[in-house]
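Please open the model in your viewer and keep the selection panel at hand.

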Amino acid sequence: YYTSGFDEALIVTLDGYGSGLAGSVAVGRSGRITRLHGIEFPHSLGTFYETVTSALGFTPSRHEGKIVGLAAYGDPEILGDLLRRRFVQSNGGFRIVETNNVYFSRLLAAHFPKIDVAAAYQRVLEEVAVAYVGQYVKKTGLKNLVLSGGVIANVKLNQRLRQIDEFL
């Protein structure tokens, strides 16, 4: 926010597990930052994506971009509903059911094509993040968005965040 050039902006971080939080939403206004919400670890979109990266045979925290690439070739709806049910949205945030269960993604990877597993994880990541950010965009009415954290490196997620109606 401080280097963005914006006087006011919605500040969103989405990460694996940083300084005690896996993400947050804040408002930056006139050089001051006020946090509106924090996502407590282990309910992390970064960890969610790391588990599928590992399950598909890649190195977590290094090869997530390969999952984004694989996802482009798969059908996200084959496993989409199953993954959506793992998220509970409430109190301005979300929680992930059995978030530390690494065997779940491994089971999916063993029984479904890798491209479809990747596609479902990518789609659900986008949906959850857009819903999370979108509610604060509507709540604050801010038109500028400042992003940070490892999950934000996901280029498809960035495209979806840009498409939130209030930013068009």
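Which residues in α1 meet which residues in α2? Before selecting them, note that this is a predicted model, in which local features need pLDDT of at least 70 and side-chain atom pairs count only at pLDDT 80 or more, while totals for chains, interfaces and linings use all residues. Residues are numbered from 1 along each chain as its sequence is written, and side-chain values use heavy atoms, with hydrogens and water left out.

**First stop: two helices**

Select Tyr49, Glu50, Val52 and Thr53 in α1, which meet Glu64, Ile67 and Val68 in α2 (contact means heavy atoms within 4.5 Å). These contact residues divide into four nonpolar, one polar and two charged, where Ala, Val, Leu, Ile, Met, Phe, Trp, Tyr, Cys and Pro count as nonpolar, Asp, Glu, Lys and Arg as charged, and the others, Gly among them, as polar. Now show the whole of α1 (residues 45-55) and α2 (residues 64-71), whose axes are 9 Å apart and at an angle of about 80°. The two helices are therefore roughly perpendicular to each other, a term that covers angles of 65 to 115 degrees.

**Second stop: the core**

Next select Leu10, Leu14 and Leu45, which touch the most other members of the largest nonpolar core, a set of 44 residues. Such a core consists of buried Ala, Val, Leu, Ile, Met, Phe, Trp, Tyr and Cys residues joined through side-chain atoms within 4.5 Å, and buried means under 20% relative accessible area, exposed over 50% (1.4 Å probe, protein chains only). Helix α5 (residues 114-140) gives the most to this core, with 14 residues. Around Leu14, leaving aside neighbours within four places in sequence, the contacts include Ala22, Ile39, Leu45, Ala129, Tyr132 and Leu157.

In α4 (residues 102-111), select Phe104, Ser105, Leu108 and Ala109, which are buried. They lie on the same side of α4, because they cover an arc of only 130° around the axis, taken from the directions from the helix axis to the C-beta atoms. Their cover includes α1, α3 (77-84) and α5, whereas Tyr103, Ala110 and His111, on the other side of α4, are exposed.

**Last stop: the backbone in the loops**

Go to the loop between β3 (32-40) and α1, where Pro42 lies; the peptide bond from Phe41 to Pro42 is cis, with omega near 20°. Ser30 is exposed, with a relative accessible area of 54%.

Methods:
Axes fitted to C-alpha atoms, helices over the stretch in contact; angles between N-to-C directions. Helix = DSSP H or I, 4+ residues; strand = E, 2+ residues; numbered from the N terminus. Parallel < 35°, antiparallel > 145°, perpendicular 65-115°, else oblique.
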